[in-house]
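Here is a short briefing on one protein model. Look at the sheet first, then the helices, then the whole chain.

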Amino acid sequence: MKEQVLRSLERRFKFFFILIILVFAVLLARLWYLQIVHGEKHYAESLGNFGRQIRIAAPRGNIYDRHGELLVSNRFSHAVSVVPNDLLKNPEALAFLSNLLEIPAEELTGRFEKLRSSEREQYVPVKHDVSPEVIGRVLEARLDFPGVTVEKYPVRSYPLGEVAAHLFGHIGEINQEELAKMRGLGYRLGDLIGKMGLEKTYETYLRGTDGFRILQVDSVGQHLQVLEEIGFAPGQNLRLTLDLELQLEAEKALSEHLVWLRENTEYTSARSGVVLAMDPRSGAILAMVSYPRFDPNIFVGVTDQEVLAGLFQDPLRPFTNRVTREGYMPGSTFKPVTVIAALEEGVTGPNQNFICTGMDRVHGTLFKCWKQEGHGVLNLVEGLAYSCNMVLAELSREVGPEGIAKYARLLGFGSSTGLELHPLEIGGLVGDPDYKRKTRDPRWYPIETVHLSVGQGFIQVTPLQLAQAFMVIANGGKHYRPWVVQRIETVDGRVVKEFSPEVTREIHLKPSTLELVREGLEKAVSMGTARGAFWGFPLDRFPVAGKTGTAQIHGKEDFAFFASYAPADQPELVILVAVEEGGSGSLGAAPVARRLYEAYFGLKRRAAPKRELLTDEAPVEKAPEEKKAPVEKKVPVEKTPVEKKAPVDEAPVEKTPGEEVPVNESSAEETPVNESPVGEAPVEETPAE
Ligand SMILES: [Zn+2]
């Protein structure tokens, strides 16, 4: 009996034991299924039921000039954000939004489908910088269409408009390619990102860290309360080496000079150019202008597609930063390179005399000096000052193309300078027989050496490189890496990163070489080709050294250049000006540099350049006999009678404020250049504000 009871108990026990095991097995299987197999789905659903994340965008860092002037900042704007899954489930909501935001429904769904499934459950901005009307309609419709909201957020603002646009760059919505590359860094669809200029180069510093807010929502997606909020960290600020005052003057001087050229000379196509101001003691950039420009504000918020298309199709390429991305034949601004080559290689010296009769034959090819009647006898310093082609032709025969190319490279041509700015600078070209053999033709003609010596032919330089070469001449051989950001700071002023002058390379030129070249450049301004442009400028107090250049471009008017530095005895500023289709260097470019020196040295009263003295060399021509006469009729610089009128010319003329200020008002009427040297009083202007 007892045994029977025990056996029965044992059976029951076994039965329950097996039952318990089975129940646990089923529960475990279910748990595994829920946790592992459907985990992501359930997690997403649970968020859908309880919390939704909204990003709080961090403002981008501000950009300041060297004196703390605000250059780029932020303003507040509104974006429409949606929870993609809510919209994908609700065709009515999708249609409403597509209609309101003027974005095709297929485009919206296409964008949503590219998101990861967890991202589709969060708010994603679909349109930035929407109008108050759109905000109102979204807020009204929010009750009907949960998952659609308006977020207030900071947007980029460029209060200076087109000023320094190529330097600051612009932002834009992140594209698929960028998103794929930067996903790990927390970027998501609809984010704004630096696209060019400093905005792109310093994106990681400027961007900041977004905060977020988790909202409790009910089963239909209506917001109930804020569950959690994490604040944003604003982007870091950039302090530049740029001098806003000088930048504004450079923008103004160039744009006004372009207008003046078009209205008062035959250079009616003068619409583009650059101005670059740098400190030869450090490589710091003080002003950088590329013309034509664009307004970076057009990329913020609702972009006017028509305006944008117009800019992209503009043959003058307003988005190109010509300072770093355009290769120019430098014309005579290159002549110091050839002179340095000849002096360093010992093939000439300060006492050698040259004879210029106005033309010469190089192995049967006629080669002309810009001064038809010839310069007569001159030495090397005078050769530079008067930009005599014959002097350079003779030197080039001695130095050879390889010699010229060698010193061109030593001075920085043909390779990048190292400036950190997107898009990156181009390297340009220094061509020699080897280059030509490899790329087009095994033959190198003697006339090509002559062309190279005067900055024509197989030579392409960026304005940045040309300024760099003049910095090297000015500072005695140091290549500084050009830089424009001096400091990166947090909002509360803590320094995150500091930049300082960096010598990337040093070349050792003989003191006698530097002395001669510098004297030639100084005389080019005081008595040579740039004399007219600096007429009335106090060179005794602020000596300027520089070189004009005129490059002949096939099918276009001549390109004008002026490369310079001052004070000549202790250089602290290098100014480079290039004007496409602006004619000669002294007419098209030097007057702009002069205005900048006046601004920099704080010269209140401006004497205008003397137009009739704005004479320069004509570019080298391969077949001069057939060519039309050079655009400007050359006047012997030394013999013009205008000099005697100097005292009369000093009379200041008051300007009415707000009036347009051409560089030289006195010759605004249709006086052909160089033909009426007498009787015009150069106008002195009060500084135009
Ligand atoms: Zn000559």
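An open sheet of 5 strands runs in the order S12-S11-S25-S24-S23, with antiparallel pairing. Strand S12 (285-291) and strand S23 (545-551) are the edges; each has a single partner strand, so one side of each has no neighbour in the sheet. From one strand to the next, the twist averages 5°. The model is predicted: local features need pLDDT of at least 70, side-chain atom pairs count only at pLDDT 80 or more, and totals for chains, interfaces and linings use all residues. Residue numbers start from 1 along each chain as its sequence is written.

**Around S11 and S12**
- Strands pair if DSSP finds at least two bridges between them.
- S11 (residues 272-278) and S12 run antiparallel, joined by 6 bridges.
- Gly 273 stands opposite Tyr 291 in S12.
- Helix H11 (residues 244-264) lies across S11 and S12, at about 30° to S12.

**Two packed helices**
- Helix H16 (residues 389-410) packs on helix H18 (residues 446-453) at about 95°, with axes 8 Å apart.
- H16 and H18 are therefore roughly perpendicular (65 to 115 degrees).
- Residues in this contact (C-beta atoms, placed from the backbone, within 7 Å) include Leu 392 and Ile 404 of H16 and Val 450 of H18.
- By class, the contact of H16 with H18 has 7 nonpolar, 4 polar and 1 charged residues (nonpolar: Ala, Val, Leu, Ile, Met, Phe, Trp, Tyr, Cys and Pro; charged: Asp, Glu, Lys and Arg; polar: the others, Gly among them).

**The whole chain**
- The protein chain has 23 helices and 27 strands (DSSP runs: H or I, at least four residues, for helices; E, at least two, for strands).
- In the protein chain, 75% of contacts between residues at least 6 apart in sequence join residues at least 24 apart.

Methods. Contact = placed C-beta atoms within 7 Å. Axes fitted to C-alpha atoms, helices over the stretch in contact; angles between N-to-C directions. Parallel < 35°, antiparallel > 145°, perpendicular 65-115°, else oblique.
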